[in-house]
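Reader: I am new to structural models. Please show me one, and let me ask about its parts.

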Amino acid sequence: MKKFKYTLTCALLCGVMASAHETTPEWIRDAVFYDIYPSSFMDSDGNGIGDIPGIISRLDYVKSLGVDAIWMNPIFESGWFDGGYDIKDYFKVDPRFGTNGDVKRLVEEAHRRGLKVCLDLVPGHTSNQSEWFRKGATEGPEGRYADYYIFSDVISAKDSADIVKRLQLEDPDNSKLGPWVPTEEAKPGRPLDGKYRGNFYRKNYYPCQPALNFGYANPDPDKPWEQPVDAPGPKAVRRELKNIMAYWFDMGVDGFRVDMASSLVKNDTDKKETMKLWKEMREWLDREYPGKVLISEWGVPGQALPAGFDVDFLLIHRSPGFKQITRGSVKDKSVGEDAYFQKNGKGGIDIFVEEYGDKLSKAKEHGFISLFSANHDINRLNSEGRDTPDQIKTFMTFLLTMPCVPFIHYGDEIMMRNVKGLPSVEGSREERSGTRTPMQWDNTMSAGFSAAAPDKLYLPVFTDGGKLTVEAQDKDPNSVLNFTRELIKLRHEHPVLANDGDWQTISDVNKPYPWVYTRTKGNETYVIALNPGAKGVETTIPIPGAKGAQTLIANGKVTAKNAKGGIKIKLPGVSSAVLKIEK
């Protein structure tokens with residue numbers, strides 16, 4: 001059988017699975033995370049918006065999935081322009097979710113069930129409604145917050161043109177324009193008083209998200225606002241970052257997922273100064289709070305993990321390979337518009353296999369890579385041409401057998417669909433609203449999410465006549481929900497399927513249906529076979545010394561028999577299987 005030329009290279013590079021730094025807790029090695037968008041998970045007080053007491057009331061369900069940890073999107077007091085990512089106060093839970101005491105109770109109840117809790121940390125910017133910003137913008141140069149942000153009296157002609165263009169757009173908060181914003185526009189809530197610290201401030205994403213000042217990697221002496229990383233302002237902001245983490249660690253949380261983790265130090269092209277910053281945080285963390293977890297939204301494991309993160313998300317916009325198998329279209333690559341995990345059988349895996357092998361080798365000795373089913377920014381599994389249970393099961397087989405830390409987006413385990421045409425809610429924009437709809441618990445009014453009437457909900461629910469609910473799928477032994485539970489159980493029972501086993505694609509990547517890869521450790525060999533295409537396929541896989549194959553779990557009537565030279569695997573259309581090789 002012809003093999004893609006990279007397969008052997010990947011096997012050599014990735015022969016030993018990544019082992020995290022000394023203080024990474026053991027539970028991360030086979031952990032599965034469940035991510036929750038708090039506004040949409042469970043409403044306890046009937047106002048149509050989810051809250052922390054609601055999450056607490058559903059912890060038994062989360063535990064029933066077999067997952068190890070919860071990651072929640074931001075719960076801090078917010079201006080609610082960007083779904084909670086515009087933070088006003090890092091030390092206070094937003095009143096819509098409850099109180100700080102509710103977080104403490106959530107952590108206690110989760111721990112009682114053996115679940116870890118990780119919060120979302122947004123260190124690169126605050127809301128322009130934050131007291132830090134409002135005081136920083138109006139205090140004199142000696143004020144405490146004067147250099148917490150990046151203010152300037154002058155900007156370039158290009159930046160000025162961008163501001164004019166932004167002001168002329170229907171959406172003045174276009175995140176792609178900038179990076180400077182007129183300080184006088186920072187008036188949500190109430191106008192700024194007094195003399196401004198500068199005529200402009202630097203944003204981090206939206207104009208309402210002023211960048212915190214972690215300094216510049218290569219400050220220009222002709223630009224006084226470009227302070228070095230060791231200037232008093234940037235050093236004070238670093239201390240605040242430690243204060244924020246310490247506050248919530250003292251409350252018992254187990255770690256943070258760090259939003260836009262690579263965005264802190266400005267003009268840091270090679271990210272060396274940003275890496276140094278996080279190494280400093282890691283050293284402090286290991287000294288003061290050993291065993292806590294840091295997960296980065298970075299997308300470059302070769303930078304994020306050596307910098308001290310335990311886990312780094314593989315981001316679609318930074319990963320042509322991940323995009324190839326989930327979205328299909330890959331910029332500047334000769335790949336069609338069809339994703340691998342679609343029925344038409346026109347997708348590819350070659351870019352993913354090469355890229356993931358390379359990233360895995362760079363993660364070695366430092367930490368782990370994370371893959372996800374979806375998240376608050378990325379379309380749900382039930383989208384992009386994936387809309388049947390067998391398709392979702394096939395993807396879940398992939399996700400939960402890869403050498404990664406898997407994150408399951410709430411509701412993907414019951415096949416909630418990504419709804420199109422919804423209004424933008426709190427900065428979600430139409431393209432992100434569909435992945436943030438309320439969790440669907442049962443077939444009662446508002447799908448059991450809230451006592452509020454359907455027209456009062458945070459976003460609408462779409463249960464497909466009651467089929468896509470926890471209640472319905474829990475009763476169906478063949479449901480996506482129960483298949484996902486079995487996969488998670490299998491992953492925990494067989495560590496070679498988690499992060500401790502080697503990974504190698506052994507099928508021909510130029511003939512990607514089926515995709516067959518192995519997970520090995522010592523004398524153990526497991527084979528994962530995937531066929532997302534509608535046509536049945538078969539292949540013979542060379543497995544030296546194989547005497548047979550035991551099917552541990554299958555989606556569809558997959559058969560595996562001894563054949564000359566290895567194991568012959570036959571997969572019907574849209575199917576998958578996990579096999580243990582008998583020797």
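**A cis bond, pockets and cavities**

Author: Pro514 lies in the loop between strand E14 (502-505) and strand E15 (515-521). Helices (H or I, at least four residues) and strands (E, at least two) are DSSP runs, numbered from the N terminus. This is a predicted model, where local features need pLDDT of at least 70, side-chain atom pairs count only at pLDDT 80 or more, and totals for chains, interfaces and linings use all residues. Residues are numbered from 1 along each chain as its sequence is written, and side-chain values use heavy atoms, with hydrogens and water left out.

Reader: Is the peptide bond from Tyr513 to Pro514 cis or trans?

Author: Look at omega for this bond. Omega is near 5°. The bond from Tyr513 to Pro514 is cis.

Reader: What pLDDT does the protein average?

Author: pLDDT is the predictor's confidence in each residue, from 0 to 100. In this model, 93% of the residues score at least 70. The protein's average pLDDT is 91.

Reader: How many contacts does the stretch of residues 1-20 have beyond near neighbours in sequence?

Author: The pLDDT over residues 1-20 is below 50. Where pLDDT is low, the predicted coordinates should not be read in detail. A contact means heavy atoms within 4.5 Å. Beyond near neighbours in sequence, the model gives residues 1-20 a count of 56 contacts.

Reader: Which helix gives the most to the lining of the largest pocket?

Author: On a 1 Å grid over the protein atoms alone, a pocket is an open set of points with protein on both sides within 12 Å along at least five of seven lines; a cavity is a set where a 1.4 Å probe fits but cannot get out; lining residues have an atom within 4 Å of a point. Helix H10 (320-326) and helix H13 (429-433) each supply at least two lining residues. The most, 3 residues, come from H13.

Reader: How many residues line the largest pocket?

Author: Tyr205, Glu297, Leu315, His317 and Asp377 lie nearest the centre of this pocket. The lining divides into 13 nonpolar, 11 polar and 17 charged residues. Ala, Val, Leu, Ile, Met, Phe, Trp, Tyr, Cys and Pro count as nonpolar, Asp, Glu, Lys and Arg as charged, and the others, Gly among them, as polar. The number of lining residues is 41.

Reader: What is the volume of the second largest cavity?

Author: Grid points are joined across faces, edges and corners, and a volume is the space filled by probe spheres set on the points. The count comes to 2 cavities of 30 Å³ or more. In the largest cavity lies about 60 Å³ of space. For the second largest cavity, the volume is about 40 Å³.

Reader: Which helix gives the most to the lining of the second largest cavity?

Author: By class, this lining has 9 nonpolar, no polar and 1 charged residues. Among the residues that line this cavity are Val237, Glu240, Leu241 and Ile244. The helix that gives the most, with 4 residues, is H7.

Reader: Why is one side of strand E6 left without a neighbour in the sheet?

Author: Two strands pair if DSSP finds at least two bridges between them. The open sheet has 3 strands in the order E6-E8-E7, with antiparallel pairing. Strand E6 (151-152) and strand E7 (180-182) stand at the edges, so one side of each has no neighbour in the sheet, and each has a single partner strand. E6 pairs over 2 bridges with strand E8 (residues 200-202).
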